[in-house]
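Welcome! Please take a moment to look over the sequence and the 3D view below before reading on.

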Amino acid sequence: MEGIKFRHLQVFVLAAETESLTAAAQELGVSQPAVSQSLRELEALIGARLLERSGRRMRITSAGQAFLGPVRRALAAVRDGVAATGDYRAGQIAPLRVGMGATACIYLIPPVLSLVRSTMPQLRLAISIGNTSDIVRQIETGELDVGLVTLPVPPNPILTSRVVLRDPLLALVPNDMALLGDTVTASQLSALPLILYDADGNTRVATDDWFQKASVIPAPVMELGSVEAIKVLVASGLGAAVLPGMALAADVPGAVRKRLRPAAYRSLGVVLRRDRTLDRGLRLFVSKVETVASSVN
């Protein structure tokens with residue numbers, strides 16, 4: 001253990017994740033021979049083969065799989081420790097790394113940031129946009145400090161999550177396709193051309209669940225990963241959609257909002273590592289997210 005260095009662990013994790021010594025070397029800004037040497041040193045210190053070559057790629061061994069999770073947690077803990085000292089380094093505050101979906105970034109986060117800045121103006125936020133699976137993976141590996149994502153997330157012993165907002169799903173229908181009444185059923189909506197959110201997102205999972213409970217299988221004519229793009233397409237008369245309520249707080253010219261019957265929701269939640277140090281900036285951000293979400297609810 002005394003001989004294992006931080007760089008040994010970095011090399012191993014990068015090589016395991018990319019399945020490439022060349023990619024690991026490029027990421028670290030060193031030569032491939034240096035990466036190979038570091039990996040050999042680590043395997044000698046561990047006393048087990050962690051990676052082996054399979055064709056042109058590196059494949060992780062069973063011993064490497066057992067080693068990978070604890071090493072990721074160790075690297076994340078070191079990053080957390082460095083971040084926690086941010087208040088003491090030349091008067092600077094380390095940036096809080098936040099991951100979220102584009103819709104939450106547009107419609108929920110602006111008032112959160114206003115509250116955060118009024119309390120802690122020196123706090124800097126680095127915001128990454130992505131889907132739930134990508135954000136959760138980056139929280140697990142320590143690349144992000146906190147996520148605001150559409151739940152659920154897969155069970156994971158090193159992560160914790162809690163719901164902060166139940167966001168109703170609403171139908172958005174072009175004016176020339178608009179149905180009578182303020183509500184719409186799955187059968188009525190499925191009779192129209194459907195433009196639905198990308199199938200990989202949890203918002204789409206909640207949408208499909210609503211259709212399936214009515215024994216309807218949606219057949220979208222288009223699938224997109226952007227709520228804002230879907231709104232434009234619906235307003236252009238190309239089809240109807242099911243979208244998060246927070247994205248439809250304002251009128252969409254050329255289209256009408258309708259409540260789903262029965263009602264359907266998606267849940268937004270905060271996701272953290274269980275071992276993440278809750279420094280002042282992180283506590284403040286989560287607190288203000290809950291404050292804003294409660295006002296929306």
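The report below goes from the overall layout to the cores, the rings and the surface.

## The model at a glance

This is a predicted model, in which local features need pLDDT of at least 70, side-chain atom pairs count only at pLDDT 80 or more, and totals for chains, interfaces and linings use all residues. Residues are numbered from 1 along each chain as its sequence is written, and side-chain values use heavy atoms, with hydrogens and water left out.

The protein has 11 helices and 12 strands; these are DSSP runs (helices H or I, at least four residues; strands E, at least two), numbered from the N terminus. The C-alpha trace spans about 75 × 50 × 30 Å along its principal axes. Of the 297 residues, 44% are buried, where buried means under 20% relative accessible area, exposed over 50%, and partly exposed in between (1.4 Å probe, protein chains only).

## Two nonpolar cores

A nonpolar core is a set of buried Ala, Val, Leu, Ile, Met, Phe, Trp, Tyr and Cys residues joined through side-chain atoms within 4.5 Å. The largest one has 25 residues, and Val112, Val146, Leu148, Val164, Val270, Phe285 and Val289 have the most contacts inside it. Among the elements that give two or more residues to this core are β5 (146–151), β6 (159–174) and α11 (280–296). With seven residues, α11 gives the most.

Another core, of 22 residues, lies apart from it and includes Phe12, Ala25, Leu50 and Met58.

## Aromatic rings

Rings of Phe, Tyr and Trp (its six-membered ring) pair if their centres lie within 6.5 Å; planes under 30 degrees apart count as stacked, over 60 as edge-to-face and the rest as tilted. By this rule there are two aromatic pairs. Phe12 and Phe67 have ring centres 5.3 Å apart and planes at 45°, so their pair is tilted. Because Phe12 lies in helix α1 (residues 6–18) and Phe67 in helix α4 (residues 62–84), this pair ties together parts that are 55 residues apart in sequence. Phe12 is buried, at a relative accessible area of 0%, and Phe67 counts as buried at 18%.

Trp210 and Phe211 make an edge-to-face pair, 5.0 Å centre to centre with 65° between the planes. Both Trp210 and Phe211 are buried.
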